[in-house]
Amino acid sequence: MKNNEKKIFVFLTVTVVSLMLLSSFSGCVSQEAQPQQPEYPTKPITLICPWAAGGGTDRTSRMIATLLEQELGVPVNVINKVGGGGTIGHSAAATASPDGYTIGVITFELSTFKHLGVADVSYEDFEPICQYNFDPAAVIVRADAPWNSLQELLDYIKAHPGELKASGTARGGVWDLARIGLLNAAGIPPDALPWIPSTGAAPALQELIAGGIDVTTCSLPEAGPLIDAGKVKALAVMAPERNPAYPDVPTLREAGIDWDGMGAWRGLAAPKGTPDYVIETIASAMEKIVQSDEWKDFMEKNGFGMEWKGPEEFAKFLENDYQVVGELIKSAGYA
Amino acid sequence: MLEFIFEALKMFQNPVVIIVIIIAQLFGVFIGLTPGLTATLAVALLVPFSYFMDPLSGIGMIIALEAVAIFAGDIPAVLFRIPGTPSSAAQTIDAYLLGRKKSPSEVLYVDLAFSTLGGIVGSLILIFAASLIAEFASKFSTVEYFWLVVWGLSMAIIISSEDPKKGFIGVLIGFLAATIGIDYVYGFPRFTFGIIEVQKGISFIPAMIGLFAIPELVNLSKAVVERKYIMELKEGIGKTSFSLIRESLGKYKSVFARSSLLGTFVGALPGAGADIAAWIAYGLGKRLSKKPEEYGKGSLEGVVAATSANNAGLGGAWIPALVFGIPGDSITAIAIGALMAQGLRPGPLLFQENRVLITALFITFIIANIFLIFIGYLAIRASSKLLKVPRNVLIPLIFVFCVVGAYSVNNSLFDVWIMFLFGVIGVLLSKWGVPLQTVVLAIILGPMIEYNFTTSLMKSGMNIGVFFSRPIAVLLSIMVIFSWILPSILKRMKKVKELK
């Protein structure tokens with residue numbers, strides 16, 4: 001009887017201990033298989049938009065927030081951190097806690113800050129998630145201007161350096177760098193077509209139709225209403241392919257310039273050090289979003305060019321863009 | 001034409017449109033009342049909702065909201081000397097002092113009447129003369145803008161005509177504040193000391209809240225220390241009296257006509273919005289007034305001039321936005337996005353391809369202004385009750401709203417500190433008798449004058465003659481210089497007459 005009791009005791013002890021061991025071991029196994037995969041997202045995500053509420057970037061941000069909310073099942077709140085030519089918002093996103101609950105919309109200007117010396121923030125401070133938009137520059141002149149092709153305009157600039165003026169954005173902004181790139185490709189020094197800084201494409205277009213300047217290098221959709229109104233005409237679009245909404249406007253190569261062109265892009269990125277599972281979750285949600293009809297319809301109506309790059313492709317793109325922009329800024333003498 | 005109007009009116013059979021307009025206007029009351037929350041911000045927040053509405057509701061919502069918000073901005077101006085939106089800054093001090101002299105609600109009723117009428121004038125001009133005005137506005141380059149801004153700035157001289165030296169000091173302080181941050185032309189950081197937050201410069205709205213609100217809160221607190229908790233006002237606070245409206249409608253016909261036309265046109269110029277329209281109308285009102293000495297001390301005429309102009313400017317701002325896709329102010333800049341999201345590209349084609357919808361939108365402008373009468377009336381009745389709240393409760397409440405308002409402009413704590421800093425500056429300046437409006441005006445116009453001056457010179461290869469090189473510029477420059485020397489000529493003429 002005593003022996004029997006002992007046996008049962010040993011049996012129970014062994015069973016309990018082994019069960020405990022097993023359970024703890026299995027716990028180890030499950031943790032090892034998915035080492036840092038906590039449930040994500042479990043709370044609201046903040047999306048920092050570096051440009052003002054109501055602008056183009058803000059509109060895309062808010063559309064993304066709405067659609068991401070549906071995909072991820074948590075609220076996505078857009079916060080506009082505005083000012084300093086985009087430096088404030090980009091810096092805020094870069095220095096946010098890399099826990100996956102703060103991500104940022106990043107725009108072309110990120111490639112310029114370090115080169116222009118306005119802020120110490122660049123693509124290296126981010127984990128790229130995706131690119132969702134690209135708007136190439138274009139060459140816009142008044143409708144009654146004597147030049148009917150890009151070549152005629154460039155010939156005139158070559159023959160009369162400094163006489164014509166261009167505008168479209170701030171000094172060192174995207175449309176300014178597009179101008180420098182175009183002139184470089186055509187073998188004309190940048191100061192043959194001086195840049196008059198403006199606070200954006202709209203005031204520059206106003207200046208163009210008022211006769212204050214002669215060329216604007218903003219995007220085609222921005223100049224769309226004025227093209228319709230017969231006030232301005234587009235001589236070329238700085239992209240490898242024509243814009244389907246403006247089929248008559250030739251590309252740079254078609255106009256005889258050996259350059260693919262450049263333009264403004266928008267994308268999403270997380271602060272450096274954000275775990276991979278966050279990047280993957282958001283990137284795959286975004287991949288679904290950009291294929292949705294809702295997104296396509298929104299982008300088309302707003303005249304935003306659609307472009308998709310996943311995390312790795314976007315990372316490569318950012319690195320290359322940073323270098324290209326650096327060279328353009330140097331050649332303009334801004335750096 | 002008639003069939004379009006008929007078709008357009010049919011669109012309002014949809015009750016959703018009217019409901020959306022009313023909800024937007026109620027939201028507009030809240031936005032206008034709260035310092036720091038501007039009509040621009042409200043519209044930006046509403047636009048994402050418009051994506052999921054029909055075009056008339058989506059765009060009508062914006063039109064309805066801005067009309068109410070710009071009026072409601074005058075309510076805290078009258079009650080507490082705090083402009084609810086920047087467009088109320090010009091008339092804030094007059095409206096407040098007048099409210100203390102008479103009854104606040106009476107002043108607000110007059111304000112509401114002229115806001116509505118101004119809004120209707122702006123809308124009518126938009127409806128019937130859009131392409132004409134857009135064509136004229138499209139001739140404005142930086143050179144013309146330079147003169148326009150100089151004209152606006154000379155209003156500071158007019159405002160401070162009693163003691164021009166003090167006005168000059170106010171302008172210089174405003175200019176100094178406006179130079180802080182990355183400059184618009186060369187992208188050079190000024191007075192930033194390497195602090196990234198300073199790069200965006202002094203945000204105008206927190207500075208304005210600080211300048212106007214903090215000195216008033218200090219005054220109110222003094223009364224609390226003296227144990228005067230309830231404000232003594234001569235007449236009943238909520239008393240509904242329309243006698244002042246009847247009187248002012250008769251008396252200020254020409255002031256109203258001039259201000260609303262001017263407001264519409266200034267609003268139609270891209271880059272100059274309802275706020276600048278109000279300043280110019282106010283300054284011009286003083287210059288042409290029979291009682292200029294009342295301005296700045298509670299002039300009803302000044303309030304009428306500014307408030308007619310700012311509401312008229314709203315309609316004006318839509319003119320270049322719809323005709324050329326170039327926004328007239330920050331609200332229409334966002335509205336263009338909302339239009340495009342509805343598949344409506346601004347431009348002449350919009351008028352040809354969507355005539356019924358455009359007609360319906362025009363009708364919305366009129367409806368929004370008619371609804372403004374009712375919503376505005378309710379807002380005045382409700383908010384006047386605030387004056388019955390004991391001061392020791394009211395002051396902390398207003399203070400919290402000011403802090404939240406300053407923060408919300410850029411979601412930046414730095415801006416709250418800016419508000420406090422300008423609060424201290426405001427207290428000191430009012431002690432020394434420097435007119436606060438001149439500081440505010442200079443902060444608004446400083447960057448514009450600098451930008452237009454510098455880029456004009458850049459375009460001309462640093463030739464100062466550029467400012468007289470274009471016909472409209474010459475006309476404007478003559479107007480500006482004439483407006484400077486006119487008073488002294490008139491004075492001289494009077495003296496000569498008296499001698500005779």
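## Terms and basis of the model

Two strands count as paired if DSSP finds at least two bridges between them, and the strands (E, at least two residues) and helices (H or I, at least four) are themselves DSSP runs numbered from the N terminus. This is a predicted model, in which local features need pLDDT of at least 70 and side-chain atom pairs count only at pLDDT 80 or more, while totals for chains, interfaces and linings use all residues. Residues are numbered from 1 along each chain as its sequence is written, chains are lettered from A and ligands numbered from 1 in the order in which they are written, and side-chain values use heavy atoms, with hydrogens and water left out.

## The six-stranded sheet of chain A

Chain A holds an open sheet of 6 strands in the order β2-β1-β3-β10-β4-β11, and its pairing is mixed. Its edge strands are β2 and β11 (306-309) of chain A, each of which pairs on one side only. On average, neighbouring strands of this sheet are turned by 25° against each other, direction ignored. Within the sheet, β1(A), residues 45-49, pairs with β2(A) in the parallel sense over 5 bridges, and Thr46(A) stands opposite Asn77(A) in β2(A).

Two helices pack on this sheet, with contact meaning heavy atoms within 4.5 Å. Helix α2(A) touches β1, β2, β3 (102-107), β4 (126-136) and β10 (263-271) of chain A, and its direction makes about 160° with that of β2(A). Helix α11(A), residues 311-331, touches β3, β4, β10 and β11 of chain A, and its direction makes about 70° with that of β4(A). For such angles, axes are lines fitted to C-alpha atoms, for helices over the stretch in contact, and the angles run from 0 to 180 degrees between N-to-C directions.

## The five-stranded sheet of chain A

A further open sheet has 5 strands in the order β7-β6-β8-β5-β9 of chain A, again with mixed pairing. Strands β7 and β9 (232-237) of chain A stand at the edges with a single partner strand each, so one side of each is left without a neighbour in the sheet. Strand β6(A), residues 166-167, runs parallel to β7(A) and is joined to it by 2 bridges; here Ser167(A) stands opposite Ile196(A) in β7(A). Helix α8(A) lies across β5 (138-142) and β9 of chain A, running at about 150° to β9(A).

## Where chains A and B meet

In the interface, 45 residues of chain A are in contact with 46 residues of chain B. The buried area, which is the accessible area (1.4 Å probe) that two parts lose on being put together, summed over both, is about 3,700 Å² between chain A and chain B, and carbon and sulfur atoms give 60% of it. Gln206(A), Asp228(A) and Lys301(A) supply 15% of the area that chain A buries against chain B, more than any other three residues.

The count between the two chains is 3 salt bridges, each being a side-chain nitrogen of Lys or Arg within 4 Å of a carboxyl oxygen of Asp or Glu. Lys459(B) and Glu207(A) meet in a salt bridge through their side chains, at 2.1 Å from N to O. Several elements of chain A supply at least two residues each to the side that touches chain B, including α2 (56-72), β2 (76-80) and α7 (201-209), and the largest share, 5 residues, comes from α7(A).

Over all chains the structure holds 23 salt bridges. Glu71(A) forms a salt bridge with Lys288(A), with the closest N and O atoms 3.6 Å apart, and this pair links distant parts of the chain, since Glu71(A) is in helix α2 and Lys288(A) in helix α9 (residues 276-291) of chain A, 217 residues apart.

Most residues other than glycine have a negative phi, and most peptide bonds are trans. The peptide bond from Tyr40(A) to Pro41(A), however, is cis, with omega near -10°, and Pro41(A) is found in the loop between α1 (2-33) and β1 of chain A. In chain B, Phe191(B) has a positive phi, near 55°, and its place is in the loop between β2 (189-190) and α10 (204-225) of chain B.
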